[in-house]
Amino acid sequence: MSMIVPFGPQHPVLPEPLQLRLEIVDETVVSALPVIGYVHRGLERLAEQKDFQQDTYLIEHICGICSFMHSTTYCTGIEEIMNIEIPERAKYLRVAWSEMHRIHSHLLALGLLADAFGFESLFYQIWRTREHIMDAMEYTTGGRVMLSAACVGGVRKDINEEQKQFVLEKLALIEAEFKEEAHVLLDDYTVKARTVGVGVLDAKTAYERGAVGPTARASGLKMDHRMTGYFAYDKLDFEPVVENDCDAYARTKVRIREVFQSIDLIRQALSALPDTPLKTAFKGNPNGEAAVRAEQPRGEVIYYLKGNGTDKLARCRVRTPTFANVAPMLHMLNGCSLANVGVIVLSVDPCISCTER
Amino acid sequence: MKIVVMLKTLLFNLLKGPVTRKYPYEERPPFPGERGVILMPDESKCIYCGICARKCPSNALTVTRTPEKEWKYERFRCILCGACVEACPKKCLEFGDRKK
Ligand code: SF4
Ligand code: SF4
């Protein structure tokens with residue numbers, strides 16, 4: 001006989017309030033039903049009531065992890081509507097801060113994953129490494145998480161020579177420390193026992209259910225929106241990280257490799273910073289519509305923006321990556337054992353406050 | 001011997017002591033440019049134009065001209081974006097130490 005076990009919204013492994021109603025038979029999950037809506041804040045509606053430049057700071061508060069990426073994607077959308085070409089330096093700086101956010105997000109996710117399978121010292125160790133990148137962000141912009149560095153037409157902050165050296169030093173520290181931690185995540189016998197073969201999502205199902213980001217790339221799908229070369233990604237040397245094992249271990253491996261890739265991308269971006277102004281001046285209000293995409297740490301975010309010629313937007317719609325990853329996650333949960341639910345959920349790295357806005 | 005990797009880190013941590021500071025007895029000085037709190041050091045420079053209040057995304061600032069000229073800042077509504085600092089034509093706003 002089956003019974004329903006509620007998993008969350010308050011659960012030790014969940015960083016954010018998501019409830020999964022798990023139908024279990026003995027110890028096996030036979031189906032899972034997500035219940036969301038615990039942190040809905042009505043930000044899309046609020047964005048229609050503020051002016052489009054104020055929205056940059058509002059949109060940034062959609063997520064506390066990839067905040068800068070939300071605001072830059074939003075700005076890209078407005079720039080597309082208003083035909084604003086942003087200066088080269090702004091493009092490279094947007095890449096640098098986006099990649100810093102990716103490192104911080106992946107380290108956070110990997111730390112939480114370590115916590116989910118009960119390896120607390122590894123969790124603290126990874127989060128300790130993460131402090132380096134938080135310092136780099138704070139020194140370059142003045143804020144740890146809410147960088148407020150993006151604006152329509154470019155960026156508001158610059159990275160000077162001294163700050164660049166500081167960031168490079170911090171990157172070297174992260175690289176050295178994270179190499180050891182990655183070794184534990186990838187090679188430790190007990191860690192592997194918890195992640196290898198758990199939460200399998202084959203490539204076909206991943207594609208059909210619309211998986212994005214590391215979840216899709218760990219299932220062998222070569223999908224990374226950065227390949228389209230927005231901002232300055234077309235001028236930087238990078239190849240999407242793809243793994244073919246389809247399980248929680250592969251997703252961990254994709255994130256680990258992406259941390260090193262981001263370190264490399266920041267180094268490339270900072271060494272090639274062109275000497276141009278930071279933003280392009282513009283006049284008027286957005287009139288028209290645009291749909292823009294960007295690759296966030298959890299996958300592809302889509303912004304649909306519609307302006308009506310006034311300073312307030314007619315519509316601001318966000319499709320966040322976690323929303324796309326919920327359906328693949330439910331597939332992974334079918335047939336898993338109850339003890340693995342936490343590991344599977346965190347291997348997808350859900351961000352609920354993004355999803356519910 | 002995969003376990004030796006973590007062992008090395010653990011031994012290192014044991015010998016090196018804590019990495020955290022004994023806050024509040026020991027503090028890390030803020031980075032230059034840290035966005036702590038909005039301050040108006042010299043109110044005589046302000047012309048009460050209200051531009052800062054119009055730019056503020058979270059309605060943390062109110063500027064009134066009648067009956068009395070007043071510039072008011074609600075610290076707990078402020079999201080420290082810095083739009084007001086950037087927009088002020090008289091440059092009378094600045095970021096200050098968060099403890100003030
Ligand atoms: S923008 Fe500057 S001068 Fe104008 S009211 Fe605000 S603080 Fe005063
Ligand atoms: S920093 Fe931003 S939120 Fe705070 S008072 Fe200034 S404009 Fe308003």
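Visitor: Which residues does Gln261(A) touch, not counting residues up to four places away in sequence?

Guide: A contact here means heavy atoms within 4.5 Å. With residues up to four places away in sequence left out, Gln261(A) touches Arg226(A), Phe238(A), Glu239(A), Pro240(A) and Val241(A).

Visitor: What kind of model is this?

Guide: Residues are numbered from 1 along each chain as its sequence is written, chains are lettered from A and ligands numbered from 1 in the order in which they are written, and side-chain values use heavy atoms, with hydrogens and water left out. Local features need pLDDT of at least 70, side-chain atom pairs count only at pLDDT 80 or more, and totals for chains, interfaces and linings use all residues, since this is a predicted model.

Visitor: Does Gln261(A) count as buried or exposed?

Guide: Gln261(A) is found in helix H10 (residues 248-271) of chain A; helices (H or I, at least four residues) and strands (E, at least two) are DSSP runs numbered from the N terminus. Buried means under 20% relative accessible area, exposed over 50%, and partly exposed in between (1.4 Å probe, protein chains only). Because its relative accessibility is 11%, Gln261(A) counts as buried.

Visitor: Why does Ala150(A) count as buried?

Guide: Ala150(A) lies in strand S4 (residues 150-151) of chain A. Not counting residues up to four places away in sequence, Ala150(A) touches Thr56(A), Phe68(A), Ser71(A), Thr72(A), Cys75(A) and Arg156(A). Ala150(A) counts as buried because its relative accessibility is 2%.

Visitor: How many residues of sequence separate Leu61(B) and Lys72(B), and what is their distance in space, C-alpha to C-alpha?

Guide: Leu61(B) has its place in strand S2 (residues 61-64) of chain B and is buried, with a relative accessible area of 6%. Lys72(B) is one of the residues that Leu61(B) touches, and the list also includes Trp71(B), Tyr73(B) and Cys84(B). In sequence the pair is 11 residues apart, and in space, C-alpha to C-alpha, the distance is 5.6 Å.

Visitor: What radius of gyration does chain A have?

Guide: The radius of gyration is taken over C-alpha atoms, and the globule rule is 2.2 Å times the number of residues to the power 0.38. The C-alpha atoms of chain A fill a box of roughly 65 × 45 × 35 Å along the principal axes, and buried residues make up 61% of the chain. For 357 residues a compact globule would have a radius near 21 Å, and chain A agrees with this, at 20 Å.

Visitor: What radius of gyration does chain B have?

Guide: Chain B has three helices and four strands, in the order α-β-α-β-β-α-β from the N terminus on. Its C-alpha atoms fill a box of roughly 75 × 30 × 20 Å, taken along the principal axes, and 31% of its 100 residues count as buried. A compact globule of 100 residues would have a radius of gyration near 13 Å, but that of chain B is 22 Å.
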